[in-house]
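Please examine the structure shown below. The briefing that follows treats backbone angles, the ligand and the pocket.

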Amino acid sequence: MAQTGILLETDNGEIKEANFGVITAARETGDNEVVGFLMDGSAEACKAAVQEYGVKSVIEIKAGAGDFNASPELQANALAEAMRHYEVSALLGLSSTWGRDLMARVAAAMDAPLALDCVGVAVRDQIVTKSHFSGKTIAKIKLEGDVFLCGIRPNAIEAAPAAVEASTDVYTASAGDSGRLKVVETKGATSGVVELTEANVIVTGGRPIASTENFSILKACAQELGAAVGASRAAVDAGYAPHAMQVGQTGKTVSPKLYIGCGLSGSVQHFAGMKTSKIIVAVNTDKDAPIFTKCDYGILGDLFEVVPALTEVLKEQG
Ligand SMILES: Cc1cc2nc3c(=O)[nH]c(=O)nc-3n(C[C@H](O)[C@H](O)[C@H](O)COP(=O)(O)OP(=O)(O)OC[C@H]3O[C@@H](n4cnc5c(N)ncnc54)[C@H](O)[C@@H]3O)c2cc1C
């Protein structure tokens, strides 16, 4: 049976929900045995969650020497070594900031092909699916080689449980570190904010939000929904939100379960970054706004009335 590796991502020692879609893709039709790799000492803690989705072995990777946490190069070398040891023929992970960086290093270390930001993968056939030209075309790309790596867009693949009994193991790598690169500090988004690209729910504000302060209306609603807050380029260009919040062709690509666009016209460039959202809700004062032809649910109304009303209902429902 083929072994497929997963680069599992955690947040403060807890497995990120976005991993489950990646595990689902790795299982394929059940023909692949899935091996999960972790690097932060949380294998035992994460076992129960990942075995629900079909991970058979959870491997904690450690380095025999060197500052493992501070060296992406050492992590990559250790992961490449573990992949060879467990004879995995594919490594799937999240196309997140960390995943993109680490998988690129592993691909270089193994001289293996890599595709990032994929929206699908056929592991046995070594074919990945990618959205190109702002979502206008879908490319199926064959990756040649004994081993390949694939970063999957968070939430692009629906997670489906398939429980198994997992075992845990520790792999101590002998890989070395050139010492050329050391992470001295990591600065995340403001604490408590859900990462935009991994969020299940996103509330986005467009140009009519009209000020930085007014984003607090969306943030209050997002807090009730456990959502992240995004912005259109028009809102970012006007200085109401930082570029890190921008969704779209020249911003972030997101695939949440629910996308609530408040005061968005529905431009092609904005949709390029969120059209794979499962359910799109639009709030707009113009009944002829293009977004109403592209959304699942449309609310004809002023965002300054609709959003606070929604927040109140959510608060009442607890
Ligand atoms: C190369 C290129 C790349 C681009 N990349 C991006 C990108 O990454 N992301 C992006 O977003 N854009 C991008 N754009 C810009 C894009 O073309 C649009 O200009 C932009 O998305 C419009 O933003 P908007 O919907 O917030 O504003 P608008 O187009 O001004 O739409 C505002 C909408 O809000 C409605 N409205 C007004 N008042 C209210 C109210 N009180 N309540 C509810 N609704 C209200 C209006 O009816 C209108 O439909 C790019 C453009 C180019 C050329």
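Strand β7 covers residues 114–122 and includes D117; strands (E, at least two residues) and helices (H or I, at least four) are DSSP runs, numbered from the N terminus. The model is a predicted one, in which local features need pLDDT of at least 70, side-chain atom pairs count only at pLDDT 80 or more, and totals for chains, interfaces and linings use all residues. Residues are numbered from 1 along each chain as its sequence is written, and side-chain values use heavy atoms, with hydrogens and water left out.

**Backbone angles**

- Most residues other than glycine have a negative phi.
- D117 is not a glycine, yet its phi is positive, at about 60°.
- N155, also not a glycine, has a positive phi of about 70°.
- N155 is placed in the loop between β10 (148–152) and β11 (167–173).

**Contacts of the ligand**

- The side chain of S232 has an N or O atom 2.6 Å from an oxygen atom of the ligand; a polar contact is a pair of N or O atoms within 3.5 Å.
- A nitrogen atom of the ligand lies 2.8 Å from a backbone N or O atom of V247.
- A polar backbone atom of G251 is 3.4 Å from an oxygen atom of the ligand.
- On its own the ligand has 980 Å² of accessible area (Shrake-Rupley method, 1.4 Å probe), and the protein covers 74% of this area.

- A pocket is an open set of points on a 1 Å grid over the protein atoms alone, where a 1.4 Å probe fits, with protein on both sides within 12 Å along at least five of seven lines.
- The ligand sits in the second largest pocket, meaning that more than half of its atoms lie within 2 Å of the grid points.
- The lining of this pocket (residues with an atom within 4 Å of a point) has 24 residues, and R207, S232, A234, L264 and S265 lie nearest the centre.
- Elements that give two or more residues to this lining are α6, α7 and β15.

Notes: A polar contact is a pair of N or O atoms within 3.5 Å; within protein, one must be able to donate a hydrogen and the other to accept it, and residues adjacent in sequence count only if both atoms are side-chain atoms.
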